[in-house]
Amino acid sequence: MSNGFYRPPSTLLATVAPPKIQWKSKLLVGGAVVLLGLGGYMYLRSLASIRTLTGYLGEVNSLAVNSNSLSHNFASGSDDKTVKIWNIESGDEIRTLTGHSDWVYAVAISSDGKTVVSGSKDKTIKVWNLNTGKESRTLNGHKGFVNSVAISPDGETIVSGSYDKTIKVWNLNTGKEIRTLTGHSGEVLSVAISPDGKTIVSGSKDKTIKVWNLNTGKEIRTLTGHFGDVNDVAISQDGQMLASASDDKTIKVWKLDTGTEIRTIMGHLADVNAIAFSPNGEYIASGSDDKTVKVWQLNTGEAIYTFNGHSAEVYAIAFSADGKTLVSGGKDKTIKIWQLP
């Protein structure tokens with residue numbers, strides 16, 4: 001079943017590009033890349049297709065792409081209480097998973113591509129078979145909304161963050177709670193697990209980021225510097241870098257092993273809700289209340305693309321496994337698929 005529709009790429013608009021121009025920024029407008037350089041020169045060229053996926057009756061809160069390069073699936077969670085599975089190449093809806101009794105705030109896909117985990121305003125976590133859409137089990141224990149979920153690289157552990165200000169660690173196969181991590185003074189909005197499966201990172205409404213030992217549950221360090229809620233955290237695939245997104249309109253990049261702040265990235269005009277590292281670790285993508293998606297060069301902090309197309313706040317973002325495609329979702333109840341140049 002397909003709920004998506006195809007929007008053709010924009011045509012070539014103009015070419016006024018002198019040799020050896022130094023491009024300062026790139027802006028996506030109606031499917032065309034606008035390159036702004038020194039001396040006021042501008043070059044516009046068409047981008048590959050953009051798809052807008054519809055079918056949700058509520059806001060799109062979360063996205064998770066299957067990291068298995070042989071698969072082209074991704075999952076999304078919405079205020080309409082459902083999880084949907086889509087094909088990233090065709091935009092076709094594969095199936096809808098129903099069972100939550102309230103908004104779905106979070107989704108994650110296991111590294112083997114067989115399992116989907118979702119977290120909800122109904123205070124539960126559900127484990128699903130991605131291929132069949134059948135619910136495997138429901139995890140109960142949080143006393144507040146489940147805002148974020150992550151699956152360990154070995155597929156054995158689930159980590160969840162909640163409005164009850166705690167982080168819980170669960171056995172994915174049995175559904176049993178292993179431990180509860182406490183320390184945040186505000187609601188936990190985001191969690192992530194390092195690629196080696198040893199470290200948990202959490203972001204909170206208390207404006208801090210905490211780093212934890214997954215196996216012991218002990219807090220390793222607290223990172224401070226944001227002046228607003230920390231809405232999202234992400235870890236690079238090499239496990240070296242941590243990124244955080246905040247209501248203070250900034251993205252911060254940190255060294256994961258030391259907690260040292262590397263840089264602050266500014267450019268969004270409103271709260272930054274979501275971030276993701278590209279698979280090669282060279283870029284960060286972000287989604288904001290300013291209705292834009294931006295792609296940043298990690299080593300310089302410069303914005304290299306700005307994607308305009310959402311009609312409301314952007315709440316979720318993810319890179320495809322090959323890093324050539326971005327997926328975004330938000331308050332406008334749509335999912336957009338963007339192909340990077």
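**View 1. A106 and its partner across the strands.** In this predicted model, A106 is bridged to G119, which sits in β12.

View 2. β11 and β12 belong to an open sheet of four strands. Read across, the order goes β11-β12-β13-β14, and the pairing is antiparallel. Which strands sit at the edges? They are β11 (104–109) and β14 (135–139), and each of them pairs on one side only. On average, neighbouring strands here are turned by 20 degrees against each other, if you ignore direction. A handy reminder: strands of a sheet pair through backbone hydrogen bonds, in either a parallel or an antiparallel way.

**View 3. Y56 in its loop.** Now hop over to Y56, found in the loop that links β6 (50–53) and β7 (60–65). Is Y56 buried or exposed? Its relative accessibility is 7%, so Y56 counts as buried, since the cut-off for buried is under 20%.

**View 4. What Y56 touches.** Leaving out residues up to four places away in sequence, Y56 has contacts that include G77, D80, V83, W86 and I335. Its side chain also makes a polar contact with the side chain of S76, at 2.6 Å. The Y56 side chain reaches the backbone nitrogen of K84 too, at 3.2 Å.

**View 5. Y56 and D332.** Along the chain, Y56 and D332 are 276 residues apart.

Key:
Residues numbered from 1 in each chain as written. Predicted model: local features only at pLDDT ≥ 70, side-chain atom pairs only at ≥ 80, totals over all residues. Heavy atoms only, no water. Pairing = 2+ DSSP bridges. Helix = DSSP H or I, 4+ residues; strand = E, 2+ residues; numbered from the N terminus. Axes fitted to C-alpha atoms, helices over the stretch in contact; angles between N-to-C directions. Buried < 20%, exposed > 50% of the residue type's maximum accessible area, 1.4 Å probe, protein only. Contact = heavy atoms within 4.5 Å. Polar contact = N/O pair within 3.5 Å; in protein donor to acceptor, adjacent residues only side chain to side chain.
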